[in-house]
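Let's take a walk through a protein model together. Have a look at the sequence and the 3D view, and then we'll go through it part by part.

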Amino acid sequence: MKKYDNKNNKNNNNYAKSSMYLEKWEEDLKKGQILSVLFTGVGGQGIILATTVLAKAAQESGFDVKVSEVHGMAQRGGSVEGSVRIGKEVFSPIINRADFIIAVEKLEALRYIGKLQPGGFLLVNDYEIYPSTVFSKDTEYPKNIEERISNLTKNYMIIDAVEIALKLNEIRAANMVLLGAFSNFLPLKPDCWNSAIKENVPSKALNINIEAFNLGKNL
Amino acid sequence: MDSKENIQLLIGNEAIARAAFEAGVKVATAYPGTPSTEILENISRYKSIYCQWSVNEKVAMEVASGASIAGARALVAMKHVGLNVAADPFMTLSYTGVNGGLVIVCADDPYMHSSQNEQDNRFYAKFAKVPMLEPSDSQEALDMLKAAFEISEQFDTPVLLRTTTRISHSRSLVRLGEKINLDERNYVKDSKKYVMIPAYGRLRHELLLQRWARLSEFSESKDLNKVYLPVGKNTITKIGIITSGVSYQYAREVFSNVPILKLLITNPLPEKTIRGFAEGKHLILIIEELEPFLEEQIKLMGLDSKIAGKEYFPQYGELNLDIADRVYQQLFGTELISEHEGGARGKLDAAPIPASDSNLGELLSDVPQRPPVLCAGCSHRSVFYILKKLKAAVMGDIGCYTLSVLPPLNALDSCLCMGAGIGQALGMEKANPNLKGKVVSVIGDSTFFHSGITPLIDNIYNKGTGLIIILDNKTTAMTGHQVHPGVGKTLSGDDTVELKPEYFAKAAGVKNIRVVDPYNLKLLEKVLREELERNELSVVVCRRICALLEKVDKNNVATIDQEKCDKCGVCIRFGCPAIQLRDGNYAINELLCTGCDVCVAVCKKGAMLKKYKKFIKI
């Protein structure tokens, strides 16, 4: 699963991809379209923090925004989703088709891929968390997730966010690495991210989160 | 004041808490329950408001009602099924009315994200003739709660503010206001108003009906009914939509060229407003989740337009944009929405289906589910592990431990409602003597204080011989660790009595009461085996604080001796998420392991070790 080993090519490709989306959404948001982002992963991976930071950044950029979160049952190691909708005026708080899916776990990328809007973009963390049923051998963790994704869409990117976060000795910052990489796709004000992170993480974890975000952004 | 500073991104529950502060609420009560829990948690941050977790919703409502009688504005919050528990005071509070404003906030859970049913609590408002407001986003949650207090005091009635999960747990922008200045209301003794003996009750019922007539007039108020009129040449003229709550958002986004009447008050319904809105329209489409609550009442108004709702929209679960889109497509191209009127939402635009949908099912057919599980180190796990071994029928209850129904434990035989298991176990035993000695009931500590004490008394009084197991993890874990009477702390963090479930068993005269640490697997098995065999009522309290509240010593986590491990899989079937399969070998995920050591006793091969033991061995 190391499709992006070639670092030089990767940088250029990522930049080209993201700037295309950024330009499209700059126009579409002006026209009143609503941009829908779906975060998926496993309870404990920082999905709620990622959605909150994105939403705050969008608010700071002058947009209306709505966030849908999952509380209660789903936090006990289950599959978790959170969504953010951004626009001039946003109505529904939940999404049915996502313009972007940010999967903090690989299997969850596959589980939710049906929600991806045609032409939408999928950002995947190259990280596997096995469900309990895999350990009990009742099910198998699919081996060829990237192949399956590539059969469904060419608009995706796999990032080893955990490896990058581990460089900072903080595996929990993987969500910020992904958010940093994702920020290149969005026409939000460049200075909105730092303040959005600052407002939502405890002060002692602030630097590491901002560093992780920047590492993701400069991938 | 800088307006930007006052706009915050809040979930509905936070907005409700803020509104309680702005409205001058003095007393707020609740029992935790998803999706309502964060209301009181957030109110507790405002020092001007006295707030408390009550043992259950009924008591919470009674405390709030007392505060209202004393002259204060009071709020009580609960999830939808909580109102079943509080239905008794609720129905009669409608008769007595209030002194200080009294608002009941009730959060419904369509689709049952975290509930045992998806009952539509709007019927409670109609049943009790209590006015009901329904916000459609966080801003309206704030505005409507403040309005609810005004209505409560103006009409001398409790008011129901009804939300759903998507209102309670969705974030949207809210403009904060200032705390209002309230005139003090005094307590005035008024037996004819508050003492509901039959003679006074009859008087109050008459007054209630008069109030209802006045409220029906009042419901026509412009602030409580918002009309959206689209502009432009694509505007649809033959259809009108009537909706409320989060359904409005789906309607507004999909039917953006259709006039919409959004009802912020849904009990009583503003009949004149609805008649006016419907005039000249061929079809009034009612968009509402769950029951045809609005639809049936509007049909009874005998309008000239056709009224339709549930023939297009499902009567279960949540609505969403896709469902709304499908209905739009159904109407599109008919005489109701002609092709040129469809405009931007033409047939192809409206519901794009990914090109890949056709083969999606096949590609995803083997994606394993990821059900929620009991946490690593959860003290409940060992109890269900033993009960499974003893082949007991387990009448369960509501809490984290309900998750034990799922594989690999598959331990529960029943889960009905708060406190039900103890009574159900007695019924099983009385109905079928063969089940005697085979049925246990299992209930958590918070649930026990909520509604387990009365069925315990019923058991001993009626000569039950079963085994009642109380899983005491010293917190209300499922909803996020709220305190309760067994913790020794109040919501505000003050020290208070620390009640233990066994006190109640002892007071009720239960002879066989045992307290055991569920981490001690051998002792636990011995105790449960003995008490199950006993031909007399027993209470076993399994006490160990929730693993999420205990500090983990990472030097003390478990490890597996690969030489001794013969991969029998017993530890995996124990179901702890920290025990994993890695490259064909069983292994401990040290990030998750809490060092509870129960798995050391589960392993029969001596392969599961405490980490420090391994060091000694080497």
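This is a predicted model: local features need pLDDT of at least 70, side-chain atom pairs count only at pLDDT 80 or more; totals for chains, interfaces and linings use all residues.

## A proline to start with

Where in chain B is the place of Pro408(B)? You'll find Pro408(B) in the loop that links strand 15 (393–395) to helix 19 (420–431) of chain B. The peptide bond between Pro407(B) and Pro408(B) is cis, with omega about 5°. Asn410(B) belongs to the loop between strand 15 and helix 19 of chain B as well. Its phi is near 45°, which is a positive value in a residue other than glycine.

There's another cis bond to look up: the one from Thr34(B) to Pro35(B), with omega near 5°. Pro35(B) sits in the loop between strand 2 and helix 2 (38–43) of chain B.

For chain A the mean pLDDT is 89, and 90% of the residues get to 70 or more. Residues 1–10 of chain A are a stretch to treat with care, with pLDDT below 50. In the model, this stretch has 15 contacts beyond near neighbours in sequence.

## The seven-stranded sheet

Chain B has an open sheet of seven strands with mixed pairing, and the order is 3-2-4-5-7-6-12. Strand 3 (50–53) and strand 12 (265–267) of chain B are at the edges; each has a single partner strand, so one side of each has no neighbour in the sheet.

Now zoom in on strand 2 (residues 27–30) and strand 4 (residues 74–79) of chain B, which pair in the parallel sense over four bridges. One pairing to find is Ala28(B), whose bridge partner in strand 4 is Leu75(B). Helix 3 (residues 57–69) of chain B packs on this sheet and touches strand 2, strand 3, strand 4 and strand 5 (102–108) of chain B. The direction of helix 3 makes about 165° with that of strand 4 of chain B.

## The five-stranded sheet

Chain B also holds an open sheet of five strands, in the order 9-11-10-13-14, again with mixed pairing. Its edge strands are strand 9 (225–228) and strand 14 (306–308) of chain B, each pairing on one side only. On average, neighbouring strands here are turned by 20° against each other, direction ignored.

Strand 10 (residues 239–243) and strand 13 (residues 283–287) of chain B run parallel and are joined by five bridges. Look for Gly240(B), which stands opposite Ile284(B) in strand 13 of chain B. Helix 13 (residues 293–300) of chain B lies across strand 10, strand 11 (260–263), strand 13 and strand 14 of chain B. It runs at about 165° to strand 14 of chain B.

## Where the chains meet

How many residues of chain A are in contact with chain B? There are 52, and they touch 50 residues of chain B. Between them the two chains bury about 4600 Å², with 59% of it on carbon and sulfur atoms.

Side chains of opposite charge can pair when their charged atoms come close. Chain A and chain B have six salt bridges between them. One salt bridge joins Arg85(A) and Glu253(B), with the closest N and O atoms 2.7 Å apart. The side of chain A that touches chain B gets its largest share, five residues, from strand 2 of chain A. Another salt bridge joins Arg370(B) to Glu108(A), and here the closest N and O atoms are 2.6 Å apart. This pair crosses from the loop between helix 17 (357–364) and helix 18 (380–389) of chain B to helix 3 of chain A.

Definitions and conventions: Residues are numbered from 1 along each chain as its sequence is written. Chains are lettered from A and ligands numbered from 1 in the order in which they are written. Side-chain values use heavy atoms; hydrogens and water are left out. pLDDT is the predictor's confidence in each residue, from 0 to 100. Contact means heavy atoms within 4.5 Å. Two strands pair if DSSP finds at least two bridges between them. Helices (H or I, at least four residues) and strands (E, at least two) are DSSP runs, numbered from the N terminus. Axes are lines fitted to C-alpha atoms, for helices over the stretch in contact, and angles run from 0 to 180 degrees between N-to-C directions. Buried area is the accessible area (1.4 Å probe) that two parts lose on being put together, summed over both. A salt bridge is a side-chain nitrogen of Lys or Arg within 4 Å of a carboxyl oxygen of Asp or Glu.
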